[in-house]
2 protein chains.
Amino acid sequence: MEGLGDLSHASTVFSPDERFAFIFGRDGGLTKLDMIGARIAARVVQAGNAIGGAISDDGRLVAVSNYEPGGVRVFDADTLELVADIPAGSKTVGLVDAPGRRFVFSLWDAGETWIADFARPGAPVITRIRGVGDRPYDGLISGNGRYYIAGLFGEDHLSLVDLWAEAPAARPILPGYAAHDEKLPVYKMPHLEGWAFTGDAFVLPAVGLHEVLWVDARGFAPLGTTRTHGQPVFAMARPDGRQVWVNFAHPLNDVVQVIDTASREVIRTIPTGPATLHMEFAPRGHEVWISVRDEDRIKVFDCQDFARLAEIEAQSPSGIFFTARAHRIGL
Amino acid sequence: MEGLGDLSHASTVFSPDERFAFIFGRDGGLTKLDMIGARIAARVVQAGNAIGGAISDDGRLVAVSNYEPGGVRVFDADTLELVADIPAGSKTVGLVDAPGRRFVFSLWDAGETWIADFARPGAPVITRIRGVGDRPYDGLISGNGRYYIAGLFGEDHLSLVDLWAEAPAARPILPGYAAHDEKLPVYKMPHLEGWAFTGDAFVLPAVGLHEVLWVDARGFAPLGTTRTHGQPVFAMARPDGRQVWVNFAHPLNDVVQVIDTASREVIRTIPTGPATLHMEFAPRGHEVWISVRDEDRIKVFDCQDFARLAEIEAQSPSGIFFTARAHRIGL
């Protein structure tokens, strides 16, 4: 499919019936793709520069996070007509869906996290959470939609909001998380989508270090680290949580490593090829698809014995998105 | 669709592409239904009396649990040709899929749990776990595929197996769980599929009592109980874990109750109608579908404000199964 605009760093969400993909281009283009008809069902260029989006839990609303002119715009998923414009007075980042027809996002310039509640007809009800910290640059929500976590460019910690609280507030977690040795430059700020949940712990890429960090899923206390091949970009749990797969920043981005959750040890280093950018697990975790941009291939591996099962040719492949994401909160 | 045999207490699993349903009839019939073509793609009567089944994580194998002649039979998901026959010398119950092309089930007569591993070609590798307890009658697996729990007809506790262990073994949990006051008869043994995971706790129906039981998801210690309208049959967590919805045994089976996870209090009692048998949440939890057998209707409720959104006429509806189950471990 062509005609989707600038797809560097693009992302995708899916309609509940898995027929339509909503593709968020970096250039502000929002395209609704009919995957059965293999055609563009609708397209709007809704901003000058955008950074991802989300679809509401009922599949009726699609929201886009904008750098230029900033704010969040929300569209009808059927028609892509504008439903709500939330200027916010800031670049917005870390936009996710939350249960109850809500979207959560953070304001780079204002250091706030906002909850936009579309449960009732009409204008959304906005909850502003102040004091999140200096320059949130990304955010994510836990798989059950309860915890929203923002990464902060200007702080050494992360910010946590418990969305179940009566009056949601930001609380700093993992102090020192983003402090790093200045002799070791940060090649790429880790993607917070990469937080992996293993059942008892979250695993996240350390900033600027060759390690991943284990965090207690209750209380968010640090549990320890695992040394890795390079600076991790994505640390993703296999759907059963028994393994965490990690890819790395340039120039060490030609392998992935597999960490066993029980021992927290690297059990496998798989040479995947130059510019290994992204991974996506089959929904029940029997295989993983890995995009190897500079080899123009997707490679499919068995998640039990690590055998290479298949290769698919593709031009400079980047993100991989399976339609089963339609049924997950916050993806 | 007709011609599927005896569907009382029937259940269904789905192919990974959500096109095909595999329907396990009580009469031993296994039917592969093409939901796009609305036709029967294949059908075998594989036993005289069966009790549910499962599909492997890669979607290649379908297993059926049999009362008569007992054992488990495993079929090719494409053709329904027999791949493996595991007589087991017992009625089998609580059959579920587990990661790594495995099936787990329990033996009513022998008091054992078996793991059948199909990762390698050829005959499955069987792991027998002895000493599970007297007459396992049902079983379930946690959503991440780690913990297998069997209910025991002849004991007052449940049996837990950690499938991540090097040598999986059975350990008793929740002593006293199934002990009940003889003045209060048990109208129906609760379904263990009904275990609900709320993030920090599991919630399960108490046997013979008007309450649900809260259990710590780490260590399985009891945390307390919530008093309910009747004897619970299914206690099911909304996908975000913020609510638990409960239905009840005859003769109090005409309402459902909604419990708030944070306060553990009943926040709503919804009159649903006579013989309210089953519930199924939309995958991201914005609505719930409820089968009301003796009113010949499915009723759809909003999970935020409890409004009734729709009704669908159906003859004596029983279990409801959404195709998004295709992407879940153990369903």
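## The interface between the two domains

In this predicted model, domain 1 of chain A and domain 2 of chain A bury about 2000 Å² between them, and 68% of that area lies on carbon and sulfur atoms; buried area here is the accessible area, computed with a 1.4 Å probe, that two parts lose on being put together, summed over both. Of the area that domain 1 of chain A buries against domain 2 of chain A, A:Phe14, A:Glu18 and A:Tyr137 supply 26%, more than any other three residues. The domain assignment of chain A places domain 1 at 1-173 and domain 2 at 182-331, the bounds being taken from an automatic or database domain assignment. The centres of these two domains of chain A, taken over C-alpha atoms, are separated by 23 Å.

In terms of contacts (heavy atoms within 4.5 Å), 31 residues of domain 1 of chain A meet 21 residues of domain 2 of chain A. Between domain 1 and domain 2 of chain A there are zero salt bridges, a salt bridge being a side-chain nitrogen of Lys or Arg within 4 Å of a carboxyl oxygen of Asp or Glu. Three residue pairs, both members at pLDDT 80 or more, are in polar contact across this interface of domain 1 and domain 2 of chain A; a polar contact is a pair of N or O atoms within 3.5 Å, where within protein one must be able to donate a hydrogen and the other to accept it, and where residues adjacent in sequence count only if both atoms are side-chain atoms.

## Elements on the domain 1 side

The elements that give two or more residues to the side of domain 1 of chain A that touches domain 2 of chain A include strand S1 (11-14), strand S9 (92-98) and strand S13 (136-141) of chain A; strands are DSSP runs of E with at least two residues, and helices are runs of H or I with at least four, numbered from the N terminus. With five residues, S13(A) gives the most to that side of domain 1 of chain A. By class, the side of domain 1 of chain A that touches domain 2 of chain A has 17 nonpolar, 10 polar and four charged residues, with Ala, Val, Leu, Ile, Met, Phe, Trp, Tyr, Cys and Pro counted as nonpolar, Asp, Glu, Lys and Arg as charged, and the others, Gly among them, as polar.

## The interface between the chains

Chain A and chain B bury about 3000 Å² between them, 48% of it on carbon and sulfur atoms. A:Trp164, A:Arg218 and A:Arg284 supply 30% of the area that chain A buries against chain B, more than any other three residues. The contact joins 33 residues of chain A to 32 residues of chain B.

Between chain A and chain B the count is eight salt bridges, and B:Arg218 and A:Asp200 meet through their side chains in a salt bridge at 3.6 Å, N to O. There are also 18 residue pairs in polar contact across the interface of chain A and chain B, both residues at pLDDT 80 or more. The side of chain A that touches chain B divides into nine nonpolar, 10 polar and 14 charged residues.

## Symmetry of the two copies

A rotation of 180° with 0.0 Å of shift along its axis superposes chain A on chain B with an RMSD of 0.0 Å, which is the relation of a two-fold axis; the superposition is by least squares on the C-alpha atoms of residues with pLDDT of at least 70 in both copies. In chain A, the C-alpha nearest the axis belongs to A:Ala324, 3.9 Å from it. The same surface serves both copies, in that 97% of the contact residues of chain A recur in chain B.

## Local features

Over all chains the count comes to 40 salt bridges. A:Arg146 forms a salt bridge with A:Asp162, with the closest N and O atoms 3.0 Å apart; because A:Arg146 lies in the loop between S13 and S14 of chain A and A:Asp162 in strand S15 of chain A, the pair ties together parts that are 16 residues apart in sequence.

A cis peptide bond, with omega about 15°, joins A:Glu68 and A:Pro69, and A:Pro69 is placed in the loop between strand S6 (61-68) and strand S7 (72-76) of chain A. In chain B, the peptide bond from B:Glu68 to B:Pro69 is cis, with omega near 15°.

## Conventions

Residues are numbered from 1 along each chain as its sequence is written, and chains are lettered from A and ligands numbered from 1 in the order in which they are written. In this predicted model local features need pLDDT of at least 70, side-chain atom pairs count only at pLDDT 80 or more, and totals for chains, interfaces and linings use all residues, while side-chain values use heavy atoms, with hydrogens and water left out.
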